[in-house]
Amino acid sequence: SHTHTHPSPPPPTPRVRARARGRHCAGVPRQMPVMVGSAAVPKIRALGYTQPIVGITGDPVGSPDRLEFEASGVDTVVDKTSVGIAFITTLLQEQLDLQTAEAKSLGA
């Protein structure tokens, strides 16, 4: 049998963690049917959304489309790989753990 090992995802950055305090996170793909993510994210921010926006793409690091997406107002961009999805899972688990701890401290 073969064992497949995948690199560990990077932990969420302090900026992403700070914005995640409100328990919300948006995942935005770069390629969508009506509007690309690099056009959608500034519109989402203009509407007042201040929580983390995690861009999701299959574009290679350093490609023009990915660079444009990274500059659009996302907090971070992850790949459509198990590592990228693990990053999002880690962020959501941290939010859940924080919410659970706060509920316990309030006696809920």
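A polar contact is a pair of N or O atoms within 3.5 Å; within protein, one must be able to donate a hydrogen and the other to accept it, and residues adjacent in sequence count only if both atoms are side-chain atoms. Serine 72 gives an example: a polar atom of its side chain lies 2.7 Å from the backbone oxygen of phenylalanine 69. This is a predicted model, in which local features need pLDDT of at least 70, side-chain atom pairs count only at pLDDT 80 or more, and totals for chains, interfaces and linings use all residues. Residues are numbered from 1 along each chain as its sequence is written, and side-chain values use heavy atoms, with hydrogens and water left out.

Start with the overall plan. The chain has four helices and three strands. Here helices (H or I, at least four residues) and strands (E, at least two) are DSSP runs, numbered from the N terminus. From that end, the elements follow the order α-β-α-β-α-β-α.

Now take the strands. Two strands pair if DSSP finds at least two bridges between them. Strand E1 (residues 26-29) pairs with strand E2 (residues 53-57) in the parallel sense, over four bridges. Proline 29 stands opposite isoleucine 56. To get from E1 to E2, the chain passes through helix H2 (residues 37-46), and this β-α-β crossover is right-handed. That term has a definition: with the strands pointing away from the viewer, the path from the first strand over the helix to the second runs clockwise.

E2 and E3 also run parallel, joined by four bridges.

Which residues are covered? Buried means under 20% relative accessible area, exposed over 50%, and partly exposed in between (1.4 Å probe, protein chains only). In a regular strand the side chains alternate between the two faces of the sheet. E1 has a covered face, Ala26 and Val28, and an uncovered one, Gly27 and Pro29. In E2, Ile53, Gly55 and Thr57 point one way and Val54 and Ile56 the other way, and all are buried. Across the chain, buried residues make up 31% of the 108 residues.

Next, the cores. A nonpolar core is a set of buried Ala, Val, Leu, Ile, Met, Phe, Trp, Tyr and Cys residues joined through side-chain atoms within 4.5 Å. The largest has seven residues: Ala26, Val28, Val41, Ile53, Phe69, Val74 and Val77. Apart from it lies another core of six residues, among them Val54, Val78, Phe87 and Leu91. In soluble globular proteins, nonpolar side chains tend to be buried together.

Where does isoleucine 88 sit? Its place is in helix H4 (residues 82-105). Isoleucine 88 counts as buried because its relative accessible area is 17%. Not counting residues up to four places away in sequence, isoleucine 88 is in contact (heavy atoms within 4.5 Å) with Val54, Ile56 and Val78. Its C-alpha atom is separated by 8.4 Å from that of glycine 27, 61 residues apart along the chain.

Return to serine 72. This residue lies in the loop between helix H3 (64-70) and strand E3 (76-79). Serine 72 counts as buried because its relative accessibility is 10%. Leaving aside neighbours within four places in sequence, serine 72 is in contact with Gly37, Ser38, Val41 and Pro42.
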